[in-house]
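Subject: The structure we talked about

Hi,

Here is the structure I promised to pass on. Open it in your viewer and keep it beside this email while you read.

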Amino acid sequence: MNKKIVLLVDSSLFGGIESHLLQLARLLKQNDVTVQLLFYQDHRNAAFYQALKRYNCPYTCLTGNPLELYKYLQSHDRNIALHTHGYKASVVGKIVCFLLGMHCISTYHAGESGTGVVKFYNWLDKKMSFLSKNFAVSEPIQRQLDNATLLNNFVINTQKTIKYIQPKPMLNIAYVGRLSFEKGPDRFIKLASSVCDNPHLKFHVFGDGPMKSTLKPTSKNVTFHGVQTMDNCWHHIDLLIVPSREEGLPMAVLEAINHQIPVLCTPVGALPTLIQSGFNGLLSSNSSTNALRDSFSTWLNASPAYRLSLALNAKAKLIKYYSGKQQLHQHLTVYTEQ
């Protein structure tokens with residue numbers, strides 16, 4: 001296609017939205033679509049910028065002024081499509097496109113409502129969904145929007161399967177994501193503390209966020225790594241735990257499955273659509289810490305062969321539904337309509 005795609009985001013961390021954008025930009029580039037990341041404001045998001053450079057994905061930073069976005073879009077010919085990600089970029093992008101008489105495309109990622117100002121802007125963004133053509137990463141999000149199509153998150157270039165069935169003397173359990181209340185990192189810490197007497201378990205927290213200063217491990221079996229380039233970390237992880245209170249479809253889950261890592265999740269957002277508990281992963285019976293602990297015990301007491309079967313079954317489903325083929329068609333259909 002001849003149209004240039006501009007992906008607008010206001011990003012200060014490297015979380016789920018950023019991982020999605022990196023996958024989308026790579027997918028479009030691989031299929032000869034001209035794409036550029038446009039940051040509404042430069043938050044010096046070094047980890048994300050480095051990842052974009054690694055895959056030769058061009059990006060530009062604005063200064064956080066809606067007028068600057070207006071002039072940027074006005075200066076381009078109409079052979080351009082603006083695709084927004086995240087509530088702030090979505091709200092501003094919709095308004096500017098409306099003033100310019102341009103079409104706007106928005107992807108709604110967040111399954112959580114947030115608190116304070118974030119809660120208000122999330123509400124406003126959803127109320128403004130009639131101004132754009134929309135993608136939603138889960139059915140609960142889709143039901144809150146106008147003009148919305150369900151879009152599964154995805155990962156491309158799926159990793160080659162590595163079979164392993166031998167017992168390991170040390171098991172590494174990971175939390176990967178934003179350190180915020182709706183994501184449940186406090187539950188992960190409680191789970192780690194409940195098995196602190198097991199010398200064969202190590203727990204790892206990858207990510208940053210508003211709860212960072214309040215998350216204090218009560219045992220020495222938890223290590224905080226901050227924001228990391230996960231490509232080099234997945235190979236050392238034996239289980240990903242997603243203890244979320246609210247969710248869409250976490251990119252970390254797809255990335256873990258892509259690296260043949262079993263996942264244990266709470267039954268929120270689109271996770272029950274992806275995970276069939278006991279077949280391709282584990283879903284806790286509810287979102288409580290006790291339910292997480294019960295499911296973790298199931299995994300811990302399982303044989304290496306059973307753990308492997310969970311990973312392989314999840315990988316097969318990922319390749320079929322979450323590897324970018326369907327998602328490319330969905331994106332190109334909407335882009336060419338604009």
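Let's start with two strands. E11 and E12 pair in the parallel sense, over three bridges. One place to look is Val242, which stands opposite Cys265 in E12. One thing to keep in mind throughout: this is a predicted model.

Next, the inside. Which residues touch the most other members of the largest nonpolar core? They are Leu240 and Val253, in a core of 29 residues. Two or more residues each come from strands E8 (171–176), E11 (239–242) and E12 (263–265), and from helices H8 (251–258), H9 (271–274) and H11 (304–321). H8 gives the largest share, six residues.

Leaving aside neighbours within four places in sequence, Leu240 is in contact with Ala174, Tyr175 and Val176, with Trp234, with Ala252, Val253 and Ala256, and with Ile261, Pro262, Val263 and Leu264. Apart from this core lies another one, of 27 residues, including Ala25, Val33, Phe154 and Leu328.

Strand E4 (residues 80–85) is worth a look too. How many of its six residues are buried? Six of the six are, so to speak, under cover. In a regular strand, the side chains alternate between the two faces of the sheet. In E4 both faces are covered: Ile80, Leu82 and Thr84 are buried on one side, and Ala81, His83 and His85 are buried on the other.

E4 also has strand partners. Six bridges join E4 to E1 (residues 4–9), and the two run parallel. Four bridges join E4 to E5 (residues 104–108), again running parallel.

Most residues other than glycine have a negative phi. Asn56 has a positive phi, near 55°, and Gln260 has a positive phi near 60°. Where do they sit? Asn56 is in the loop between helix H2 (46–54) and strand E3 (59–61), while Gln260 is in the loop between H8 and E12. Are they buried or exposed? Asn56 has a relative accessible area of 59%, which is over 50%, so Asn56 counts as exposed. Gln260 has 5%, which is under 20%, so Gln260 counts as buried.

Last stop, the surface. Val117, Phe120, Tyr121 and Trp123 form a nonpolar patch there, with about 420 Å² of accessible area together. Tyr121 lies in helix H5 (residues 116–127). Why is Tyr121 called partly exposed? Because its relative accessible area is 33%, and partly exposed covers values between the 20% limit for buried and the 50% limit for exposed.

Cheers

Terms used: Residues are numbered from 1 along each chain as its sequence is written. This is a predicted model: local features need pLDDT of at least 70, side-chain atom pairs count only at pLDDT 80 or more; totals for chains, interfaces and linings use all residues. Side-chain values use heavy atoms; hydrogens and water are left out. Patches are made of residues with over 30% relative accessible area and no salt bridge: like charges are joined within 9 Å, nonpolar side chains (Val, Leu, Ile, Met, Phe, Trp, Tyr) within 5 Å. Accessible areas come from the Shrake-Rupley method with a 1.4 Å probe; for residues, only the protein chains shown count as cover. A salt bridge is a side-chain nitrogen of Lys or Arg within 4 Å of a carboxyl oxygen of Asp or Glu. Buried means under 20% relative accessible area, exposed over 50%, partly exposed in between (1.4 Å probe, protein chains only). A nonpolar core is a set of buried Ala, Val, Leu, Ile, Met, Phe, Trp, Tyr and Cys residues joined through side-chain atoms within 4.5 Å. Contact means heavy atoms within 4.5 Å. Two strands pair if DSSP finds at least two bridges between them.
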